[in-house]
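I am opening my notebook on this structure.

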Amino acid sequence: MEKANIVQSKMELTGKINKYCINHASIVFTENCNLNCSYCYESEKKRHLYMSKETAEKVIDFLVNNAVHSGEKQIFLMLFGGEPTLNIEVMDYTWDYALKKTQENGISLRATLITNGSVYNQAVEDFIIKAYTTCSRFKIQLSIDGDKETQDTNRPFLDGSGSSDVVEENIRKLKEAMREHNISENGVYVHGCISKQSLPRLKHAYDYVRDVLKINDFSIFPVKEENWDKNDYKLYESQLRLIGKRIIEDCEKEDTAKYFMGFDSFKERSAKQTLPCMVGTGFCCISTEGDIYPCHRYMFGFRENSKIGSVFEPDNLKREKFMHYDMSNLHGKSRCVECENDNCKICVASNDLHNENMFLGFPKCCNMTEKETMVKKEVKQELIKLGLLENVDKQKEINVIEAMYTTLETLDERVSNNADTTLILLDLVQKIYERVENLEKGDK
């Protein structure tokens, strides 16, 4: 009987692994970085390693084979580091190889470049333009914390000098290059971090991203490891209210809300969150040497103790512990299951690292998230009172459709003679058609 139970358990696990084949990976092209961020979780754990072309090919083969085996229609690459642009030659080679393998296997490619924006040269620009014009779902995530004072304090260069002026100039060059190639700027967004030191300047950070960088998509999150207290919760709430006030003012002027941590969409969630993220299931982190980890935080936090295989010798069974939990297992249990917060900040890797238990979370982060949800509801109620909510949701969808159409035009101009891209174009046309159809239904 015991043997039968073991066999049954292995069959169930194999079924889950087949269901959650990894087709989404954070690829560490180098652990090297040119900044010295004050709160970096990689910090002293970084090594001056760079991925080779041979390893890069194995990474793409691993993801494509998984996608084909599980019936997935795409692979998703997070081009990560360190600072990945410091290994631009291999990243560029990886891109070409990924395009080739996805086209050969009839699947699509999605990718996001995670960069601090401090490295910009002709090779980086050429790569970005190529990525945008060969992939309809390529994006750039800029890791920026806000205005000059905040950025220079939180994200200085290794020699201690500020990075803000360099990053700002690089973004100007990037946008200029994108305009020259008729590429929509909607594919560029900012993701920042809030430290105790920078919290009082959160509204300044928001205004800087909107008014100086002129980027519409902005998310910024409290650093999990900070020792947040009641005074911080109160300050966070007051800063969010200032941002909420500006969002309402902007909506009155433009009939649309620019993205800020879910504040642009006031629709109710269609389904409860079942997992905090895809860690170890459909997502993984792959090191410069091809080792596989549940995610990048596990890789930099645990190294050998969290390794779950290699692209040279995959071992899916090591992912077992990530196949057997959901939100009800996490800290607070019923609190997580019943939670109404849109931006869950639970991180099982941080839980494991700091509490030696992946299920024991950071209630202080939950308290910060509750402030976001509360202010978001207040903004929604004010928009309803002003009669702007329907216009805001409608205009947001129009903006999405326009961005998709711009991408379609750009792709069609550049790859119309390439038969391998026909499926990508048809898929994009279908998505645009469906969104327009749904929008017209809403007007009736």
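**Entry 1: helices side by side**

I looked up helix 7 and helix 8, and found that they are roughly parallel to each other, because their axes meet at an angle of about 30 degrees and angles under 35 degrees count as roughly parallel. I note that this is a predicted model. The two axes lie 8 Å apart. Next I listed who makes the contact. Helix 7 brings Leu202, Lys203, Tyr206, Asp207, Arg210 and Asp211. Helix 8 answers with Tyr236, Gln239, Leu240, Leu242, Ile243, Arg246 and Ile247.

Then I turned to helix 8 (residues 230-254) and helix 12 (residues 363-385). Their axes come within 9 Å and cross at roughly 30 degrees. That angle makes helix 8 roughly parallel to helix 12. I also checked the hand of this crossing, and it is right-handed. On the helix 8 side, the contact residues include Tyr233, Glu237, Arg241, Gly244 and Cys251. On the helix 12 side, I found Lys364, Asn367, Met368, Lys371 and Glu372 among them. I wrote down that Tyr236, Leu240 and Ile247 of helix 8 touch helix 12.

Which residues of helix 6 are buried? I found Ser164, Val167, Asn170, Ile171, Leu174, Lys175, Ala177 and Met178. They sit on the same side of helix 6, because they cover an arc of only 160 degrees around the axis. The face turned away from that buried side carries Arg179 and Glu180, which are exposed.

What do the buried residues of helix 6 pack against? I noted helix 4 (122-134), strand 4 (138-143), helix 5 (148-154), strand 5 (188-194) and helix 7 (202-212).

Helix 6 runs over residues 164-180, which is 17 residues. From first C-alpha to last it reaches 25 Å, close to the 24 Å expected at 1.5 Å a residue.

**Entry 2: helices 2 and 3**

I repeated the length check on helix 3 (residues 88-104). Its 17 residues should span 24 Å, and its end C-alpha atoms are 24 Å apart, which agrees. Its buried residues include Ile88, Val90, Met91, Trp95, Tyr97 and Leu99. Helix 2 (53-70), strand 2 (74-80), strand 3 (108-115), helix 4 and strand 4 are included in what covers them.

Helix 2 passed the check too. It has 18 residues that should span 26 Å, and its end C-alpha atoms are 26 Å apart. Among its buried residues I found Thr55, Val59, Ile60, Phe62 and Leu63. The buried residues of helix 2 pack against strand 1 (24-28), strand 2, helix 3, strand 7 (283-286) and strand 8 (292-293).

Most residues other than glycine have a negative phi, and most peptide bonds are trans. I went looking for exceptions.

Asn182 has a positive phi of about 55 degrees although it is not a glycine. I placed Asn182 in the loop between helix 6 and strand 5. Is Asn182 partly exposed or buried? Asn182 is partly exposed, with a relative accessible area of 37%.

Lys214 is another non-glycine with a positive phi, again about 55 degrees. Its loop lies between helix 7 and strand 6 (218-222). Lys214 counts as exposed, because its relative accessible area is 55% and the cut-off is over 50%.

Glycines turned up after two helices. Gly71 follows helix 2, with a positive phi near 85 degrees.

Gly82 belongs to the loop between strand 2 and helix 3.

**Entry 3: one loop lysine**

Last, I looked up Lys321. It is found in the loop between helix 9 (296-302) and helix 10 (334-338). Lys321 is partly exposed, at a relative accessible area of 41%. Leaving out residues up to four places away in sequence, Lys321 touches Tyr298, Asp352 and Met358. I also compared Lys321 with Gly280. They are 41 residues apart in sequence and 8.6 Å apart in space, C-alpha to C-alpha.

Key
Residues numbered from 1 in each chain as written. Predicted model: local features only at pLDDT ≥ 70, side-chain atom pairs only at ≥ 80, totals over all residues. Heavy atoms only, no water. Helix = DSSP H or I, 4+ residues; strand = E, 2+ residues; numbered from the N terminus. Expected span 1.5 Å × (residues − 1). Buried < 20%, exposed > 50% of the residue type's maximum accessible area, 1.4 Å probe, protein only. Arc of directions from axis to C-beta. Contact = heavy atoms within 4.5 Å. Axes fitted to C-alpha atoms, helices over the stretch in contact; angles between N-to-C directions. Parallel < 35°, antiparallel > 145°, perpendicular 65-115°, else oblique. Left-handed = near helix turned anticlockwise from the far one by under 90°.
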